[in-house]
Amino acid sequence: MTNANEQLVREFCDAWKQRDVDAILAYFADDAIYHNIPIAPAEGLDAIRAVVEMFVPPADGIEFVIHNIFSSGDMVFTERTDRFVMGDKTIELPVAGVFELREGKIAAWRDYFDLQTFMTQSA
């Protein structure tokens, strides 16, 4: 049985398919932190927008495939494959994600992945 926090994270991951930056940002609390662990964290909606805009507009397709999801209280853990289609390239990135939720919004999102895998596939 999926709880409300897991459902919110599933909806958030699914929202990336539409490639609508504003719809994606609507899931975040105003003071949220998004941290792709190999790089510096983005703090606040403006900084998160800047990161999201690096991926969404240039992509022809985006899909976050959730393989496993687990929650404990306000934390949701995902094991995913994030796919980005950019022109003739498809990047498939294995990711472990941790979401901290507060009042129905994402307060913190940390993704753990191998930056070299991303760099190799996007080159």
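1. Tyr-34 stands opposite Ala-42 in strand 2. Strand 1 (residues 28–36) and strand 2 (42–43) pair in the antiparallel sense over two bridges, and five residues lie between them in a hairpin. Helices (H or I, at least four residues) and strands (E, at least two) are DSSP runs numbered from the N terminus, and two strands pair if DSSP finds at least two bridges between them.

2. On the basis of this note: the model is predicted, local features need pLDDT of at least 70, side-chain atom pairs count only at pLDDT 80 or more, and totals for chains, interfaces and linings use all residues. Residues are numbered from 1 along each chain as its sequence is written, and side-chain values use heavy atoms, with hydrogens and water left out.

3. The sheet is open and has six strands in the order 2-1-6-5-4-3, with mixed pairing. Strand 2 and strand 3 are at the edges with a single partner strand each, so one side of each has no neighbour in the sheet. Strand 1 pairs with strand 6 (residues 105–112) in the parallel sense over five bridges; there, His-35 has Arg-110 of strand 6 as its bridge partner. Strand 4 and strand 5 pair in the antiparallel sense over 12 bridges, and Thr-78 has Gly-97 in strand 5 as its bridge partner.

4. Glu-43 belongs to strand 2. Glu-43 is exposed, with a relative accessible area of 57%; buried means under 20%, exposed over 50%, and partly exposed in between (1.4 Å probe, protein chains only). Beyond its neighbours within four places in sequence, Glu-43 is in contact with Ala-32 and Ile-33, where contact means heavy atoms within 4.5 Å. Glu-43 and Arg-110 are 67 residues apart in sequence and 12 Å apart in space, C-alpha to C-alpha.

5. Which residues of helix 3 are buried? They are Ile-48, Val-51, Val-52 and Phe-55, in a helix that spans residues 45–55. Seen down the helix axis, these buried residues fall within an arc of 95 degrees, so they line one face of helix 3; the arc is that of the directions from the helix axis to the C-beta atoms. Their cover includes helix 2 (21–25), strand 1, strand 2, strand 3 (61–72), strand 4 (75–86) and helix 4 (115–122).

6. The largest pocket has a volume of about 230 Å³. Of the 19 residues that line this pocket, Tyr-34, Asn-36, Phe-55, Leu-93 and Phe-113 are the closest to its centre. Strand 1, helix 3, strand 4, strand 5 (89–102), strand 6 and helix 4 each supply at least two lining residues. On a 1 Å grid over the protein atoms alone, a pocket is an open set of points with protein on both sides within 12 Å along at least five of seven lines, a cavity is a set where a 1.4 Å probe fits but cannot get out, and lining residues have an atom within 4 Å of a point.

7. The lining of the largest pocket has 15 nonpolar, one polar and three charged residues. Ala, Val, Leu, Ile, Met, Phe, Trp, Tyr, Cys and Pro count as nonpolar, Asp, Glu, Lys and Arg as charged, and the others, Gly among them, as polar.

8. How many cavities of 30 Å³ or more does a search of the whole structure find? The search finds one. The largest cavity has a volume of about 30 Å³, a volume being the space filled by probe spheres set on the grid points, which are joined across faces, edges and corners. Residues lining this cavity include Tyr-34, His-35, Asn-36 and Val-51. Strand 1 gives the most to the lining, with three residues.
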